[in-house]
Amino acid sequence: MLATYIPTRQNKLDFINTKLNEDVSINNPNPLMEDSLDKNLNTSSFASKAWNQAKNDVRINQNARTLIELGDTNMLRGLLSKALDNYTKAIGLNPLALYAYPRIIFCILRQSNPITSLYVEYANSYFLKFVELTKRRPEILHDYILFRLFFYRDYPDTANQALEGIKEILEKAPDNFEAVNTYGFILLDFKNDLTGAEKYFRK
C-alpha cells in the first residue's frame, strides 16, 4: 500500500500541469487537452460569463461535451471539486469522452495536499483507463509511464514495468526519441546502470 506521498522535488505536479495544457483527441498527436481552455482568458469576467453560458448549455442539452465545458469553467474559477463532478458525469454519459480523463486526473491530484495514496490510486485508475481507451497510443502510454515513475517510485516493480512499457512504445515508434531518453533515464536513476544509460542517451 502506498504511503502518504510528500514531494521531495520542486513542483512534482509540473507533469500534470504541463499535460493539462496540451491537446487530446484520437487523431491529435498531443495527448492531453483541447484548445478551448485558453489560460490567457483566465479573468474573473471571462470565467463568470463562460460559466453562465456553460450552465445554460447544460440546462438545455446535458451531454458529455456540455458537461466538460462546464467543468472547464469551474476549473477556471478554482472550483476543482465541482469541475471533477462535471467531468465524471461526462464520462458517465459517454466513456469515450477522452477530453475528460486528463482533467479528472488533474483535479484529483490538485485537491490532495499532501498527495495521499488514496488520491494517487484514484488518479491512476483514470489514467490507466485513458491509456486503454486510446489503444495504448505511444505518447499517452509514455505520459502514463512518467506518472508511474513520479508517484510509484518506491514500488519494487515500477522501474521494470516502465522499461517494458518503453519497449512497447519503441516497437510501435522506433524513432520516438523521448521514449529512448526515458529508457536511459530509468537505467541511470533506478538501475544505476551508467553504461546502459549512456548507450540510450547516445541514440
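A salt bridge here is a side-chain nitrogen of Lys or Arg within 4 Å of a carboxyl oxygen of Asp or Glu. By that rule the count for this structure comes to 10 salt bridges. Before we visit some of them, please keep in mind that this is a predicted model, in which local features need pLDDT of at least 70 and side-chain atom pairs count only at pLDDT 80 or more, while totals for chains, interfaces and linings use all residues. Residues are numbered from 1 along each chain as its sequence is written, and side-chain values use heavy atoms, with hydrogens and water left out.

How far can you trust each part? The predictor's confidence in each residue is its pLDDT, from 0 to 100. The chain has a mean pLDDT of 81, and 77% of its residues reach 70 or more. Over residues 1-13 the pLDDT stays under 50, and the model has 28 contacts there beyond four places in sequence (a contact means heavy atoms within 4.5 Å). Residues 19-42 also have pLDDT below 50, and this stretch has 60 contacts in the model beyond near neighbours in sequence.

Now to the interior. A nonpolar core is a set of buried Ala, Val, Leu, Ile, Met, Phe, Trp, Tyr and Cys residues joined through side-chain atoms within 4.5 Å. Buried means under 20% relative accessible area, exposed means over 50%, and partly exposed lies in between (1.4 Å probe, protein chains only). The largest such core has 53 residues, and those with the most contacts inside it are Tyr87, Ile104, Phe147, Ile166 and Ile186. Helix H5 (residues 100-111) gives this core its largest share, eight residues. In soluble globular proteins, nonpolar side chains tend to be buried together.

Helices (H or I, at least four residues) and strands (E, at least two) are DSSP runs, numbered from the N terminus. The expected span of a helix is 1.5 Å times one less than its number of residues, so the 13 residues of H3 should span 18 Å, which agrees with the 18 Å between its end C-alpha atoms. H3 is mostly covered, with 11 of its 13 residues buried, including Leu67, Ile68 and Leu70. Just after H3, Gly78 takes a positive phi of about 80°.

Asp72 pairs with Arg103, their closest N and O atoms being 2.7 Å apart. Asp72 lies in helix H3 and Arg103 in helix H5, so the pair ties together parts that are 31 residues apart in sequence. Asp72 is buried at 5% relative accessible area, and Arg103 is buried at 0%.

Glu132 forms a salt bridge with Arg136, with 2.7 Å between the closest N and O atoms; Glu132 is partly exposed at 41%, and Arg136 is partly exposed at 26%. Glu198 and Arg202 meet in a salt bridge of 2.8 Å, N to O, where Glu198 is partly exposed at 36% and Arg202 is exposed at 67%. Through shared partners, salt bridges join Glu132, Arg136, Glu168 and Lys172 into one network.

Finally, find Glu139 in helix H7 (residues 138-151). Glu139 is partly exposed, with a relative accessible area of 23%. Glu139 and Glu178 are 39 residues apart in sequence and 9.1 Å apart in space, C-alpha to C-alpha.
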